[in-house]
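Biologist: Please take me through the reading of this model, one feature at a time.

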Amino acid sequence: LIDVKIEEYNDGVIIFGGFKDGKNIAFNSYNDHRIAMALAILATQLEGEFFLNDGDCIKDSFPTFFYELDKILH
């Protein structure tokens, strides 16, 4: 579904590639704020519509996450 190459390092990862065919895609965070934030960041590199189910869980740990992400992107 998403064509990526991931290089793992002791202090993080580098992700190359992504979903680029302009279609809509949906992910489920399973109410895990860490997964939801990671998927939201991934969405910044995708074309088309991106839907994040259970994304509201982010507000419990980082209420201004989407505001901060938008500031970084613009």
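Modeller: Start with accessibility: buried means under 20% relative accessible area, exposed over 50%, and partly exposed in between (1.4 Å probe, protein chains only). This is a predicted model, in which local features need pLDDT of at least 70, side-chain atom pairs count only at pLDDT 80 or more, and totals for chains, interfaces and linings use all residues. Residues are numbered from 1 along each chain as its sequence is written, and side-chain values use heavy atoms, with hydrogens and water left out.

Biologist: Which class does I35 fall into?

Modeller: I35 is partly exposed, because its relative accessibility is 37%. I35 lies in helix α1 (residues 33-43); helices (H or I, at least four residues) and strands (E, at least two) are DSSP runs, numbered from the N terminus.

Biologist: What does I35 touch, not counting residues up to four places away in sequence?

Modeller: Contact means heavy atoms within 4.5 Å. On that count I35 touches N28 and S29.

Biologist: Which residues make up the largest nonpolar core?

Modeller: A nonpolar core is a set of buried Ala, Val, Leu, Ile, Met, Phe, Trp, Tyr and Cys residues joined through side-chain atoms within 4.5 Å. Here the largest has 7 residues: A36, M37, A40, C57, I58, F65 and L69. Both α1 and α3 give two or more residues to this core, and α1 has the largest share, with 3. Beyond four places in sequence, L69 contacts A40, I41 and T44.

Biologist: Where is confidence lowest, and where highest?

Modeller: pLDDT is the predictor's confidence in each residue, from 0 to 100. The mean is lowest in strand β2 (residues 12-17), at 74, and highest in helix α3 (residues 65-73), at 94.
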